[in-house]
Amino acid sequence: MSASLTCTSLAFSWPDGTPVFDGLDIAFGPGRTGLVGVNGSGKSTLLKLIAGELTPADGTVRVTGEVGHLPQNVTLDTGLRVDEVLGIAARRAALHAIEAGDVSEEHFETVGDDWDVEERALATLGELGLGHVGLDRGIGEVSGGESVLLRLAALLLRRPDVLLLDEPTNNLDLYARRRLYAAVASWPGVMVVVSHDRELLDLVDQIADLRSGEVTWYGGNFSAYEEALAVEQEAAERMVRVAESDLRKQKRELVDAQVKLAHRRRYAQKMYDTKREPRAVMKLKSRAAQVSAGKHRIMHEEKLAEAKDRLDEAVAAVRDDDEIRVDLPYTAVPAGRTVVTLMDLRLAHGARVKGLDLRGPERVALIGRNGTGKTTLLRTIAGELAPVSGEVTVHVPLRFLPQRLDVLDGELSVAENVARLAPGATNNRVRARLARFLFRGARADQQASTLSGGERFRATLAALMLAEPAPQLLMLDEPTNNLDMASVRQLTSALASYEGALIVASHDLPFLESIGITRRLLLDGELREVAPEELKFPA
C-alpha cells in the first residue's frame, strides 16, 4: 500500500485561545508537495500535528506508514555523538562487539539484518557533504548547518514513508543546499516541504496554499504557482473595480429614488391641503404611496447591501502585502564615520581578522561555508563572546539579531517585549511604532511564545529597532530563515528605509543583492574582501 496522510475536520488553538485551524481537511498522496502561506497561517503547526508532536482539539490525522519530521529549528544535544544522533549507536556497538569475538545472542538481535549500517550511514553523510564528520565525533563540534544535515541524514537512514521538512535550508550554505536539493529530487515517498527557498520549491510536484484556515491546490512547482496566482490576483483586482463601480451605481440609484419619493410626498401633501379630491380617496392614495415607497426603498437598500457584500468578497480575494517601515530617527550614520574597528582578531573557532574598519552606512555581506565562524564573529563584535586575542571596538549603538531569535521573553506580549527594551517610551509610542512592523491593535498584545517563525522574527526586529538608544549598526545572522516570500519582501523594504550600517551573514545571495550590499567579506580561515564575481559555488 502506498504511503499517504489525511487530515479530517482538524481543529487546533493555542493555549491562550488563539485559533489556528477549525475544520481543516487536507490530504497528501505520493510525490512532493510544497506547503506555502503567509507567516502565522499554521504551516509549521500543521506539520507538528501530522508528526504527532501536537494534539488536535478535534478531528483526525491518519497516516499510512512511518513519519519523519525535520523541524524548523534543529537543536541537538551537544553531549551526543554523531552515531547517536543518527540512531545507529546500539547497532554499531553490537557490530563491533561481534567483530571482537563476542557472540552473545543479544548482539545479533540488536543488529538484526542491518549488517551494513555503518557503510550506509557513512554513504548518507557523504551524499549530504558530511563525509568529514566521523561517526564518533561530538555534536558540540559541528556547526548549525551541519546539525540540520545530520538530522536529515538520520531521517534518510530511517527511510520513513512520509517525510515532513520545515524550512530545511535554514543555516545551510550553498554547497549544503545543493546536497539537500538532490535528496529532495530523488525522494520516492510522500514529502511535504515548508520553505521560503525558491529553488527548493521548484522541485516539488504541487503547491498547497494555506490561507485563512483553508487550502487551495495548484499543480506544478512554485514558479507555476506564482504565474497562476498572478492571473488570479489580476482577476480579483478587476472584480474589485467592477464591484466598486456597482456600489457607486447603487448608491446613486438609492439617492435618486429617495428624491423621487420626496417629490411624491410633497405633491400628495399639496393635494391633501387643497382638498382637490375626497378625503377618503386621498387617504387611500397616501397609504398606497407609502407602501409603494417602502417597497421601493427596501429594494434599493437590498441592492446596495448586495453590492457592498460583493465588494467585500472581491476585496477579500486580493492579497494584502503590507510592508514594514523602519524609517526611524537617530539611526542614520554620517558617511565616513567609523562604525566598527577590528584589530588582529583571533576567534574562538580559529578564524582570524588581521584588521578591518567599517565606515558610515556601509552594507556588508558576511559570507562563507558552514562552520567557518560567521556567527562567532558576529557574537564577538556584539560582545557576547570574547576573542582569543585582538581587539573589537564598536563606536555606535549596536543591536544584534541572532539566528535563534532568543531576544524575546515568551511569557510577555509583543508590546511588553518592546517596552522592556525601551523603558522610557510611553505605551502609545510603543504601539504606534509597532504598527510600522504590522503589529496593530490586538496583535501587539499577542504572547511572544505563540508567534510563528516569521512573526517572531518581525517582533524581534521591532524590539531591537525600537530599543533605546536607536541602533546605528544592525547585525543580522541568517535573517531570511523561517520567513515566507512575502516576509522576505517586507524585510527587504524595511532594510531599504534603514539609514544605519548593516552587517548581514547570509547564504541567500538574491536577498543580499536586493538590500543593496556595498561590500562582501568572505570568512574562510581569514576574513577577506571579495568581488561579486568571486562568489562562484561549484555543484
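This is a predicted model: local features need pLDDT of at least 70, side-chain atom pairs count only at pLDDT 80 or more; totals for chains, interfaces and linings use all residues.

Residues are numbered from 1 along each chain as its sequence is written, and side-chain values use heavy atoms, with hydrogens and water left out.

**Overall architecture**

- The secondary structure comprises 16 helices and 18 strands; helices (H or I, at least four residues) and strands (E, at least two) are DSSP runs, numbered from the N terminus.
- Of the protein's 539 residues, 47% count as buried, where buried means under 20% relative accessible area, exposed over 50% and partly exposed in between (1.4 Å probe, protein chains only).
- Among contacts (heavy atoms within 4.5 Å) between residues at least 6 apart in sequence, 72% join residues at least 24 apart.

**Nonpolar cores**

- A nonpolar core is a set of buried Ala, Val, Leu, Ile, Met, Phe, Trp, Tyr and Cys residues joined through side-chain atoms within 4.5 Å.
- The largest such core has 42 residues, of which Leu434, Phe439, Leu474, Leu495 and Phe511 touch the most other members.
- Elements that each supply at least two residues of this core include strand E12 (363-367), helix H14 (453-465), strand E15 (473-477) and helix H15 (485-496).
- The largest share of this core, seven residues, comes from H14.
- Beyond its neighbours within four places in sequence, Leu474 is in contact with Arg399, Leu461, Met465, Leu495, Tyr498, Ala501, Leu502 and Ile503.
- A second, separate core of 41 residues includes Val85, Ile88, Leu135 and Ala176.

**Cavities and a pocket**

- On a 1 Å grid over the protein atoms alone, a cavity is a set of points where a 1.4 Å probe fits but cannot get out, and a pocket is an open set with protein on both sides within 12 Å along at least five of seven lines; lining residues have an atom within 4 Å of a point.
- Grid points are joined across faces, edges and corners, and a volume is the space filled by probe spheres set on the points.
- Six cavities of 30 Å³ or more are present, and about 60 Å³ of space lies in the largest cavity.
- The lining of the largest cavity has eleven nonpolar, no polar and no charged residues, and Leu342, Val364, Ile503 and Leu527 are among them.
- In this classification, Ala, Val, Leu, Ile, Met, Phe, Trp, Tyr, Cys and Pro count as nonpolar, Asp, Glu, Lys and Arg as charged, and the others, Gly among them, as polar.
- Helix H11 provides the largest share of that lining, three residues.
- The second largest pocket has a volume of about 1100 Å³ and is lined by 41 residues, with Ser143, Gly144, Thr375, Arg379 and Gln403 nearest its centre.
- Eleven nonpolar, 18 polar and twelve charged residues make up the lining of the second largest pocket.

**Two local sites**

- Six of the eight residues of H11 are buried, so this helix is largely enclosed by the rest of the structure.
- The buried residues of H11 are Lys374, Thr376, Leu377, Leu378, Thr380 and Ile381, and the helix is followed by Gly383, whose phi is positive, near 85°.
- Ala51 lies in helix H1 (residues 43-51) and counts as partly exposed, at 28% relative accessibility.
- Apart from its neighbours within four places in sequence, Ala51 is in contact with Val67, His69 and Leu164.
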